[in-house]
Amino acid sequence: MSGYVMTIPRQIDASLPNSILDESEESNLTPRDTGVLQTVMEEGLTVFTFDGLKRLTGLHQEKLSRIIDRLEEEGLLEKVVEGYRVTARGNETVPRALSTAQQPIPIVQSLLPRDVDLQQIISGLKGRWFGGLRWLGYSQNDDSTILKWIAEEDGIQIDARFADSYLSIDAKVAEGKEVSQAVKAAHQLLGHVSGLYGTPTRRRQHLASQIAYYPSMDFA
């Protein structure tokens with residue numbers, strides 16, 4: 001199987017195979033259709049938006065719209081209140097491509113105050129835009145919720161992972177783009193997180209952030 005390299009926006013490899021469904025079933029899917037779905041699955045998105053996927057793949061709006069229509073017709077994607085999600089059939093029939101995605105860079109690791117409502121914070125962040133960060137979607141399991149944004153012009157993706165009273169913010173940076181922009185975006189997001197519960201004096205002592213330091217990188 002031919003893979004595809006994760007960039008921001010991510011490029012879809014049209015050479016991906018189209019024989020993903022049972023041979024007895026007819027399918028109108030193209031290799032690009034299945035490549036888009038594999039991109040969603042590789043990113044681990046539970047729910048994603050059209051605009052977020054457009055930025056992730058770099059596809060034209062009309063072309064992506066047709067792809068999503070075909071994936072819905074095949075029962076591999078479904079429309080939900082918050083956007084779209086891969087169906088059980090999609091997860092069962094589409095093979096996951098070997099991931100060639102860039103390794104995320106840890107920017108922020110922070111304990112959150114014990115008396116905050118974590119779900120309220122997550123709800124307050126979902127679907128929101130912050131400066132250059134555009135909402136992509138989220139992934140969720142029993143242990144954590146990961147919210148994802150893309151800053152297309154800066155070539156970065158920001159992932160905020162919430163687990164219990166812990167928050168970590170990672171970045172994926174496109175080749176040739178400045179890591180400093182990812183650092184700024186991560187701290188901007190952290191500021192919005194703090195704004196959702198407020199930071200009175202009594203809470204500041206409970207908020208402990210550790211910022212990753214990379215001596216080989218130029219943040220100027």
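How many of the 8 residues of strand 8 (residues 166-173) are buried? In this predicted model, 6 of them are, and strand 8 is thus described as mostly covered.

Strand 8 has pairing partners in strand 4 and strand 7. With strand 4 (residues 105-111), the pairing is antiparallel and runs over 6 bridges.

Strand 7 and strand 8 form a hairpin with 2 residues between the strands. Asp 164 is placed in that loop, and its phi is positive, near 55 degrees, although the residue is not glycine. Most residues other than glycine have a negative phi. Is Asp 164 buried or exposed? Asp 164 counts as exposed because its relative accessibility is 67%, and the cut-off for exposed is over 50%. Asp 164 can also be placed relative to Leu 111: the two residues are 53 apart along the chain, and their C-alpha atoms are separated by 9.3 Å.

The next topic is the nonpolar interior. In soluble globular proteins, nonpolar side chains tend to be buried together. The largest nonpolar core here has 35 residues, and the members that touch the most others are Leu 125, Trp 149, Phe 162, Ile 169 and Leu 189. Two or more residues come from each of strand 4, helix 5 (118-125), strand 5 (134-140), strand 6 (145-151), strand 7, strand 8 and helix 6 (179-197). Helix 6 gives the largest share, 9 residues.

Which residues does Phe 162 touch, leaving aside those up to four places away in sequence? Its contacts include Leu 118, Ile 121, Ile 122 and Leu 125. Phe 162 also touches Leu 112, Leu 147, Leu 167 and Val 193, as well as Asp 143, Ser 144 and Thr 145.

How values were computed. Residues numbered from 1 in each chain as written. Predicted model: local features only at pLDDT ≥ 70, side-chain atom pairs only at ≥ 80, totals over all residues. Heavy atoms only, no water. Buried < 20%, exposed > 50% of the residue type's maximum accessible area, 1.4 Å probe, protein only. Helix = DSSP H or I, 4+ residues; strand = E, 2+ residues; numbered from the N terminus. Pairing = 2+ DSSP bridges. Core = buried A, V, L, I, M, F, W, Y, C linked by side-chain atoms within 4.5 Å. Contact = heavy atoms within 4.5 Å.
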